Every structure is written in structure tokens, then in C-alpha cells.
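Let's take a walk through this model, stopping at a few residues along the way. Have the structure open as you read.

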Amino acid sequence: MKKHLLIPLASLALASLPFAALAATDAPAVSTDGMQLVEKDSRGSIYADPGVDWTVYSKIMLDDATVAFRKNWQRDQNRNRAARVRTSDVERIKSDLATLFDEVFVEELTAKGGFEIVDQAGPDVLRITPHIVDLDIYAPDVSSSFNNRSYTDSSGRMTLKLEMYDSETGDLIAAASDRRESPTRGYAQWTTKVSNKADARRMLQKWAEGLRVRLTEATGK
């Protein structure tokens, strides 16, 4: 039976969504790409093409994730800290997060979801293009001659945007985004490169699990 992504996505609580377009309460009913609004709240909204048969997709082409910090993040970090965040630090963090994204999502979609990851388009291939935006690391651990420590009760926040395409036609069939912040501990803790990476992994894992569950439901796997 023909299945649509609208059904499994529409039943979700947006508070735990791995999907949504931009967080906006006035999201239009139809996107500029002709997709229909499935659901929305103050955190975000979901758009999808209601005419897509998701059961045809058994393979995934996962593009490399792009990563962008929130506006003026580097400038703001360097205002009141002895250990300056250099452009090389920014690029390293972006590269490391993109690599971690690929590691977490490939593992979740293949080992648990049963999808095959491929690098060629085909009639049974769903192409997913991820963008991490508004990345805000509260206390980045950068190399410095200063013996300083940063203490925070949360490591940071970021937004994941996903665009899903039919790989063969190039048609955009779903668009989603979710803003997530690492849990607030309620107390300050020494923030290090290791703790930042661990928190980032947990956030990515939540998104990966959500994507795997929704795609499994939609494709009938």
C-alpha cells in the first residue's frame, strides 16, 4: 500500500521532533517549493510532498553535513576570554562536527534502520542533505598558553536542517529542521573538548534515532 511521510510525521509531538522547517508560528500552508505544511508550533514546522510514495526508498545517499556557527559567535567568544578562538579553531570544530554527524547517522540508519548508504542516485535512493546552523558552543576548548578553565551548566545548542530529495529526479520532497540545546545540568561543570563532543554526540544521536524511526515507518521497512 502506498505510504506517505505525512502520516508518521503528523503524529509526532514537535517538542521531540527531528524534523521541521524554520521555527515560525506564521509558517505558510504551502512552501515556495509547493510542499504542504504538516504541523507546526513555536519550535518549528514540517513540510512534505503529499504525493510521494516513500515505500520505494530502500537506500540513502547522505550528503556531507555543512556546519555554520551562529552570527558573531567567534567575535563574542573573544570579547572576554584570554584564550582566543582563532579561525583555525572555528574550521576545526566545524570539520569535527561534520565528521561526527556522518559517523552517528550512518551507524543509526544502517545498523538499526537497515538502510543501505550509497553514493549514486537511483529510483530507490533517497538523498538527504543536512545543514547544522546556528551552532553555539558556550565554552569551546581551544589550545592556549593560558591555564584557564571554563565552567558551564550546558555545552551549547544548534539547529539541524534536513532536506530530502528524490535522488533520481532531484525533486525536493520534504524539508525539516529542529533546534536543540544540550540539557541544562543545574550546576556548573568544567567544560572540555571531551565533554563538548560527548554532548554533541548525544544531540546528534537523538536526531538520528528520530530520523531512522520516521523513515522506517514511512518506507514500510
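Helices (H or I, at least four residues) and strands (E, at least two) are DSSP runs, numbered from the N terminus. We're looking at a predicted model, where local features need pLDDT of at least 70, side-chain atom pairs count only at pLDDT 80 or more, and totals for chains, interfaces and linings use all residues. Residues are numbered from 1 along each chain as its sequence is written, and side-chain values use heavy atoms, with hydrogens and water left out.

Start with the backbone. Most residues other than glycine have a negative phi. Asn72 has a phi near 65°, a positive value in a non-glycine residue. You'll find Asn72 in the loop between β4 (66-69) and α2 (73-77). With a relative accessible area of 33%, Asn72 is partly exposed, that is, between buried (under 20%) and exposed (over 50%), using a 1.4 Å probe and protein chains only.

Asp134 isn't a glycine either, yet its phi is positive at about 55°. This one sits in strand β6 (residues 125-137), and its 45% relative accessibility makes Asp134 partly exposed.

Now over to Asp166, in strand β8 (residues 156-166). What does Asp166 touch, leaving out residues up to four places away in sequence? The list is Tyr57, Val125, Asp171 and Ile173, with contact taken as heavy atoms within 4.5 Å. A polar atom of the Asp166 side chain also lies 3.0 Å from the backbone nitrogen of Glu168.

Methods
Polar contact = N/O pair within 3.5 Å; in protein donor to acceptor, adjacent residues only side chain to side chain.
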